[in-house]
Amino acid sequence: MKIAIIGTGYVGLPSGVGFAEQGNQVTCIDKNVEKITKLQNGQLTLFENGLEELYKSNMAAGRLKFTTSMQEGVTDADIVILAVGTPPHPVTKEADLQYIEAATRELALYLNGYTVVATKSTVPVGTGDKIEDIIRSVNPAADADVISLPEFLREGFAIHDFFAPDRIIAGTDSLRAKQLISKLYEPFKEAKLLFISRRSSETVKYASNAFLAVKINYINEMANFCEKAGANIDEVATGMGLDSRIGAKFLKAGPGYGGSCFPKDTNAMAFMARQIGINMPLIETTITENENRYKLMAQRILKAAGKKEAVIGVLGLAFKDGTDDCRTSPAIHIIEALLQYPVRITAYDPKAMPSAQKLLGDKISYAADAYAAVKEADVIAVLTEWKDFRLLDMNRLAALTKQKVIMDCRNLLEPTTVRQAGFTYYCVGQKD
């Protein structure tokens, strides 16, 4: 099957590599000349666990190619997948569809023979109708079905999730489109393929991410309770997670949710609700409380340091482990909150230093490794749950720091080991 994927970001690139690995001929299209040149020359433009090996093997096999030409990629494709960004509007926070609409106008020119145009980008409900209207206006003769094909790839686990999906949702009423999508996903024997209406499919991603964001906010509220009541949030979460009605996932207390999806999608969900006159106080409150969470973590770091003019060693900049993505990273937001005070910050992240530097510039310093980041620090702040940080030599860290204090915003480290090295250890959801 010939597949064109428009967009080579954290959705488009892993998806393209994954479909190529399944034996399809995949062409990934992007307007960014520098990015495409790197990908054509064997250089990945983002980090994702397990991606590099599959990328290189499929490039070598000739099943995967990259181009800036929409015509080259779309002509004769069986399926065209839209995976371009839908960033939040700076004021309203609604999903910005300018890139989707521009890509649709261009791809419509080159549709040749029956084609499924699948929207994998997270888009507002009703976007499929707009895409269909654009295609009909640009190319009335096009024989195409527009479907919704939402992605459910977790950054850091995108390759795993691609090959072992919980479910595959396709929004279409077209029999031809259903047959083509069924063929595309035929290798995924264990996954549930669910065909629903296009508008329901567009809603599923927003509803899922909003629910998970609420769940994260809930466990963080419980962490606040545990800190005052003398309970341990990790133990509480374990007990809760054993209830099959609740489940253990997304019950990890921490600095709040972040990344490219949850903040964007909760805001977009709230905006859509306001537009149609629906009140969603649970989601609205979750958004507000999550933003407050970043400030609370910054205050706790300063409290642990014991002074506002603190030297802070930050471990972790990405929004989660396994990725270099810093978009709406809690770590970045916490650092920005800390920078409202006369602090000095040196940070280290195994993968996300270049991404973070684009956002923070020279407001902080960047270290070559974790040990350099904490030298002379009044407090160490753990902001991303990289497994590498668990393996650090705590005695060596203690010897480098000024005050031997750790504020573990991810509850990542083993408290006994940390305290045995002489640290005063603070974490989330436990009484200090």
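Tutor: The account below begins with the aromatic residues and then turns to the nonpolar cores. The model is a predicted one. Its aromatic pairs number nine. Phenylalanine 162 counts as buried because its relative accessible area is 7%, which falls under 20%. Phenylalanine 163, at 30% relative accessibility, lies between the cut-offs of 20% and 50% and is therefore partly exposed. Both residues belong to one aromatic cluster, together with Phe19, Tyr185 and Phe188.

Charged side chains also sit over aromatic rings. The charged end of arginine 167 is placed over the ring of phenylalanine 152, 3.7 Å from its centre. Arginine 154 lies over the face of phenylalanine 157, and here the distance to the ring centre is 4.5 Å.

As for the interior, nonpolar side chains in soluble globular proteins tend to be buried together. In this model the largest nonpolar core comprises 65 residues, and Ile301 and Ile312 have the most contacts inside it. Helix H12, spanning residues 281-305, gives the most to this core, with seven residues. Leaving aside residues up to four places away in sequence, isoleucine 312 touches Ile301 and Leu302, and its other contacts include Leu338, Val343, Ile345, Val379 and Ala381. Arg344 and Thr346 are also among the residues that isoleucine 312 touches. A second, separate core has 38 residues, among them Tyr10, Val17, Leu64 and Ala118.

Key:
Residues numbered from 1 in each chain as written. Predicted model: local features only at pLDDT ≥ 70, side-chain atom pairs only at ≥ 80, totals over all residues. Heavy atoms only, no water. Core = buried A, V, L, I, M, F, W, Y, C linked by side-chain atoms within 4.5 Å. Buried < 20%, exposed > 50% of the residue type's maximum accessible area, 1.4 Å probe, protein only. Helix = DSSP H or I, 4+ residues; strand = E, 2+ residues; numbered from the N terminus. Contact = heavy atoms within 4.5 Å. Phe/Tyr/Trp six-rings, centres within 6.5 Å; stacked < 30°, edge-to-face > 60°. Lys NZ or Arg CZ within 6 Å of the ring centre and 35° of its normal.
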